[in-house]
Amino acid sequence: MPTNRNVPPAANNVEELKKDFMHNRNYALAKDHHSATLNDNFRSLALSIRDRLIARWILTQQRYHDENCKRVYYFSLEFLIGRLLADNILNLGMEEEAKKAMNEIGMDIEELFEQEPDAGLGNGGLGRLAACFLDSMATLGIPATGYGIRYDYGIFRQKILSGRQVEFPDEWLMLGNPWEFGRPEYTIKVRFYGKTQKRMDRNGNLRIDWIDTSNVLAVGYDIPVPGYRNDVVNNLRLWSARSTAEFDLEYFNDGDYIKACEQKVNSENISRVLYPSDNQYQGKELRLKQEYFFTSASMQDIIRRFTVHNKDFRDFPKKVAIQLNDTHPAIAIVELMRILLDDQEMDWDSAWDITVNTFAYTNHTIMPEALESWSVDLMGKLLPRHLEIIYEINMRFLRQVAIRYPKDHGKIAAMSIIQESPDKRVRMSHLCIVGSHSVNGVSKLHSDLLKSALFKDFAEFYPGKFNSKTNGITQRRWLKKSNKGLSDIITEKIGPEWVLDLSKLKEIEQYTGNKAFREEWKKVKYRNKLKLASYIKNTTGIVVNPDSMFDVQVKRMHEYKRQVLFALFVISQYLEIKNSPRTFKTPRTAIFAGKAAPGYYMAKLIIKFINNIGKIVNNDPDVKDKLKVVFLEDYRVSLAEKIFPASDLSEQISTAGREASGTGNMKFMLNGAVTIGTLDGANIEIAEEVGPENVFIFGLKEHEVMKLKADGYDPKKYLKKDPVLSEIIELIRDDFFSQLEEGIFEPIAGSLIHHDEYLVFADFKDYLRAQKEVSIAYRDEDGWAKKSIMNTARAGKFSSDRTILEYAHEIWGVR
């Protein structure tokens, strides 16, 4: 692992840290101990830690320049980095020094950690994966930069009011971000609209100029990304949109004050919010603007850096590897072609060869309806030159397809980048496949389905292009930082090497039979549950039983993830308590969390449904501590760090064949939670690692799902055969959970009865069977502790370090 030599002394000792803290509070913030707020004290510590990163950061970047090494550029519309103070302290190896320094000043460092807002740069697994990958690339010493957007307001801040999700702006930058450095010297012009014009160059070749454009400025903000105790600090560069004209004085002097600022507002909307609603045309246009804005700025920035040391663009793929995290940055492929063709005046074949060998594409979905596409009319209006290049790429590609499959017009139409329909559309996933040298799925099942179903024609056409890279998580944040108690007892037994090599966790298997170790393991879990129970009480007012099983499903709200299946199970538990109180023996606390997209009606209704169930269950005197239902609002990284260490059971219950991978399942596993799940995504590989005795699998397999649907699935047949399910649906339709809101949940019941797109009814009976096995197993405290230890011990495969090494060796070609 590379390290930087001759780093100036970092002053990591307690006295120097105290001195720097006071200096920053006095001179960076102009505060003293009388006027400083808790947030001021957080910022003073953050600036002191940041100072210790800067020397390493500068030397790392200098080394990359001096070596003119190949670099990886990770393009992602999301980077869910969470809070950084504790993470940076950990990676610097300063946990004890920082804690002691703050104690001697009279402060609780945990209280300071809580002052930091979660960075509003992502929504779900896509963004958290990107953040884990940045951590692993820095820790492994891979020269890398992340590129994304500096959103002013992120996704949204979720509040639960009367059981409903209500969205508020996430003002995470309101008090500033102590980790970022503005880079106005690298401001880049990004163009939109306009038209194209043909001309002949000096050699008589046809060239295209993109003229009469409307321009926006991209201002870079850099955030240091330190590796774990190796003096490597990589970079995350986020772009913020600025207008080329801050203010139109002529309109202002004429009294039109709104018009005077209109261009500024319209330009800066580009980096205002993550995933603006695209239900309207303006929202679609803004989404496409966002995607082109950050990819164009990033491509221009990469080319600026490349040309400092290199003159021949044929060497570009030898120095640059660009990974596209899903299709959001797909337009970067076309942008590089535009730059090479129009600005560098290269011939098509050379430009295309450079482009394909530079880009690699990660797919994150197997649902055709989730694949991104853009209207040809919108693309032509917003990016007219790019649409011309897309048509040329498509024409040349389809010519090759026609040679391979003569007269197979169906295959040609299916593989075309342009979807020929009344509303012509550009298929961005097809563009990614054609324009990249590598296409990977994110679990074995997902990758197999890409090749056998979703992109079957492409996999046959490009037999060596498709591969699998199972997702991973960084153990440094998700175990060492967020679960210190468990981390400490693991390190005490097997040493600290697991922090850099997660496969070492396998060594704790030998202690599953050690009673003293099992007792210590159980104590750590119980203390984590007490902490979460306290958080639940403080934020929701609900008092939960820490001796109950913490049964948890936390993830983005979507019907295919089947939060409604978990909710129906909770109702079945409630009915068992009411109907057979003496037979109910395993108390549970059902914990939900997750955000629904603002325009996703059914997902928001499911949140309301869960909260209404909780209102009935939690207030029924017959239930008491046997069952509680909790929905924790505003799910985010810092909340996840409280939930995973306290969880007993991990609900991974998506319809088989729908989840690409999942990473929440890995975080639960690493923290000793046992999985109940379908054979979907990475659940399959988790089950293979832990063995059938340490996981609870239920439900239809992917091929059984496909067959059932092909044969004509009728959910009513399952409803009629299952008395428990029938009673639950009857309660819903009789407004038992909506007594003052008549008929509110009829859309849920009706959708399940008449359609049940995600086979909730088909899997319900087997889900209950698996849950009964869970209840029996949980009552055996020693047996459950063994399962918990085995889950942590077998989590080694799911480190993002392993994933990144596979990308580096097999796709990027970097050391």
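1. Leu-80 lies in the loop between strand S1 (71-75) and H3. The model is a predicted one. Leu-80 has a relative accessible area of 13%, and is therefore buried, the limit being under 20%. Leaving aside residues up to four places away in sequence, Leu-80 touches Ala-119, Leu-121, Gly-122, Asn-123, Gly-124, Gly-127, Arg-128, Ala-131 and Val-637. A separate distance concerns Ser-650: Leu-80 and Ser-650 are 570 residues apart in sequence, and their C-alpha atoms are 21 Å apart in space.

2. Gly-127, one of the residues that Leu-80 touches, is found in helix H6 (residues 125-139). Its relative accessibility is 0%, so Gly-127 counts as buried. With residues up to four places away in sequence left out, Gly-127 touches Glu-78, Phe-79 and Leu-80. For Phe-79 the separation from Gly-127 is 48 residues in sequence and 4.3 Å in space, C-alpha to C-alpha.

3. How many cavities of 30 Å³ or more are there? The count comes to four. The largest cavity holds about 200 Å³ of space. Its lining is made up of 16 residues, and Ile-81, Leu-84, Asp-87, Ala-131 and Val-225 lie nearest the centre. Ala-131 is also among the residues touched by Leu-80. At least two lining residues of the largest cavity come from each of H3, H6 and strand S8 (214-226). By class, this lining has nine nonpolar, three polar and four charged residues.

4. The second largest cavity has a volume of about 100 Å³. It is lined by 13 residues, of which Asn-68, Cys-69, Arg-71, Arg-305 and Phe-306 are the closest to its centre. Helix H2 (38-67), S1 and helix H10 (281-309) each give at least two residues to the lining of the second largest cavity. Which element gives the most to this lining? H10 does, with four residues. The lining of the second largest cavity divides into six nonpolar, four polar and three charged residues.

5. The second largest pocket contains about 1200 Å³ of space. There are 38 residues in its lining, and those nearest its centre are Glu-110, Phe-113, Lys-481, Ser-482 and Lys-484. Two or more lining residues come from each of helix H3 (85-92), helix H4 (95-105), helix H5 (109-113), helix H20 (475-481), helix H21 (484-494), helix H22 (515-540) and helix H25 (637-643). H22 supplies the largest share of this lining, eight residues. The classes in the lining of the second largest pocket are eleven nonpolar, nine polar and 18 charged residues.

6. Between S13 and strand S14 (residues 425-427) the antiparallel pairing runs over two bridges. Ile-418 has Val-426 as its bridge partner in S14.

7. Two backbone angles deserve a look in the model. Most residues other than glycine have a negative phi. Asp-231 has a positive phi, near 65 degrees, and lies in the loop between S8 and strand S9 (233-243). Is Asp-231 buried or partly exposed? At 24% relative accessibility, Asp-231 is partly exposed, because that class runs between 20% and 50%.

8. Leu-759 also has a positive phi, near 55 degrees. This residue is found in the loop between helix H31 (746-754) and helix H32 (760-779). Leu-759 has a relative accessible area of 0% and so is buried.

9. On cysteines, the disulfide count comes to zero; the rule asks for a pair of cysteine sulfur atoms within 2.5 Å. Cys-132 has a relative accessibility of 1% and therefore counts as buried. Cys-432 is buried too, at 0%. Cys-69 is one of the residues closest to the centre of the second largest cavity.

Notes:
Residues numbered from 1 in each chain as written. Predicted model: local features only at pLDDT ≥ 70, side-chain atom pairs only at ≥ 80, totals over all residues. Heavy atoms only, no water. Buried < 20%, exposed > 50% of the residue type's maximum accessible area, 1.4 Å probe, protein only. 1 Å grid on protein atoms, 1.4 Å probe; cavity = no way out; pocket = protein on both sides within 12 Å on 5 of 7 lines; lining within 4 Å. Points joined across faces, edges and corners; volume = space filled by probe spheres on them. Nonpolar A, V, L, I, M, F, W, Y, C, P; charged D, E, K, R; others polar. Contact = heavy atoms within 4.5 Å. Pairing = 2+ DSSP bridges.
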